[in-house]
Amino acid sequence: MPHVPIRSAASHPRAHARAVSLDLAEHHGRTVSAAGLYISLVVIYGWFGGMKFTAYEAEGLTGLVGNSPLLSWTYSLFSVRDFSSLLGFLELSIGALIAARLVNPVYSLVGGLLSAGLFATTLSFMVTTPGVTVPELGFPAISVAAGQFLLKDIGLLALSLWIAVDSLAALRSTSA
């Protein structure tokens with residue numbers, strides 16, 4: 001039987017590099033992942049919030065807001081553009097609060113809670129907005145424009161709650 005040499009990771013530079021990469025990923029993975037989650041929600045709020053100042057976005061909200069028992073009354077106080085601009089200011093503020101985790105976790109705790117409230121509100125539109133479901137296709141068919149657009153907010157709600165809990169844990173660890 002021929003002799004098959006067994007080589008260690010040290011004798012294979014690629015294997016050693018992979019082992020080091022895995023160690024780094026394991027060691028820094030939570031920090032990098034957490035930063036990515038915070039940054040992703042900040043980018044989303046920056047983008048969505050900035051779009052709220054455009055006529056295109058303001059008009060796009062009317063079907064969602066106008067059919068909502070929670071928010072339809074706002075159009076009696078504000079014009080479509082003014083309401084959209086207020087919402088944009090709120091979204092940009094939430095993004096800034098989440099980004100301010102770098103300064104103090106209390107800011108991102110507040111931002112995460114406000115974000116969760118905002119996404120819970122938008123998820124309520126799935127029940128109140130006509131055209132979210134496609135009844136002729138049966139359950140669980142939802143429309144592309146309204147249904148799938150709103151469905152993503154389940155993940156964003158979960159991310160918002162995660163940010164709030166992570167921020168609270170950071171606050172507790174610094175006060176202990």
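The structure is a predicted model, in which local features need pLDDT of at least 70 and side-chain atom pairs count only at pLDDT 80 or more, while totals for chains, interfaces and linings use all residues. Residues are numbered from 1 along each chain as its sequence is written, and side-chain values use heavy atoms, with hydrogens and water left out.

**Helix packing**

Helices are DSSP runs (H or I, at least four residues), numbered from the N terminus. Axes are lines fitted to C-alpha atoms over the stretch in contact, and angles run from 0 to 180 degrees between N-to-C directions. Angles under 35 degrees count as roughly parallel, over 145 as roughly antiparallel, 65 to 115 as roughly perpendicular and the rest as oblique.

| Helix pair | Axis separation | Angle |
|---|---|---|
| Helix 5 (residues 105–128) and helix 7 (residues 153–175) | within 8 Å | roughly 160° |
| Helix 6 and helix 7 | 5 Å | about 20° |
| Helix 2 (residues 55–66) and helix 4 (residues 80–99) | within 9 Å | roughly 95° |

Contact here means heavy atoms within 4.5 Å. Residues of helix 5 including Leu-109, Gly-112, Ala-116 and Phe-119 meet residues of helix 7, among them Leu-157, Leu-161, Ala-164 and Leu-168. By class, this contact of helix 5 with helix 7 has 17 nonpolar, six polar and one charged residues, where Ala, Val, Leu, Ile, Met, Phe, Trp, Tyr, Cys and Pro count as nonpolar, Asp, Glu, Lys and Arg as charged, and the others, Gly among them, as polar.

Helix 6 and helix 7 pack at an angle of about 20°, which makes helix 6 roughly parallel to helix 7. Phe-149, Leu-150 and Leu-151 of helix 6 make the contact with Asp-153, Ile-154 and Gly-155 of helix 7, giving four nonpolar, one polar and one charged residues.

Helix 2 and helix 4, whose axes cross at roughly 95°, are therefore roughly perpendicular to each other. Their contact involves, among others, Glu-57, Glu-59 and Leu-61 of helix 2 and Arg-81, Phe-83 and Leu-87 of helix 4; by class it has seven nonpolar, two polar and three charged residues.

**Annotated segments and the cis bond**

An unreviewed UniProt entry places the feature "transmembrane region" at residues 35–55, 75–99, 106–127 and 139–165, although such annotations may be inferred rather than shown by experiment. Over residues 75–99 the chain is 92% helix and 0% strand, with the end C-alpha atoms 31 Å apart. Over residues 139–165 the corresponding values are 78% helix and 0% strand, with the end C-alpha atoms 34 Å apart. Phe-139 and Pro-140 are joined by a cis peptide bond with omega of about 10°, and Pro-140 lies in the loop between helix 5 and helix 6 (144–151).

**Aromatic pairs**

Three aromatic pairs are found in a search of the whole structure, with rings of Phe, Tyr and Trp (its six-membered ring) paired if their centres lie within 6.5 Å, and planes under 30 degrees apart counted as stacked, over 60 as edge-to-face and the rest as tilted. The rings of Tyr-38 and Trp-162 have their centres 5.9 Å apart and their planes at 70°, so this pair is edge-to-face. Because Tyr-38 lies in helix 1 (residues 13–51) and Trp-162 in helix 7, the pair ties together parts that are 124 residues apart in sequence.

Key. Helices (H or I, at least four residues) and strands (E, at least two) are DSSP runs, numbered from the N terminus.
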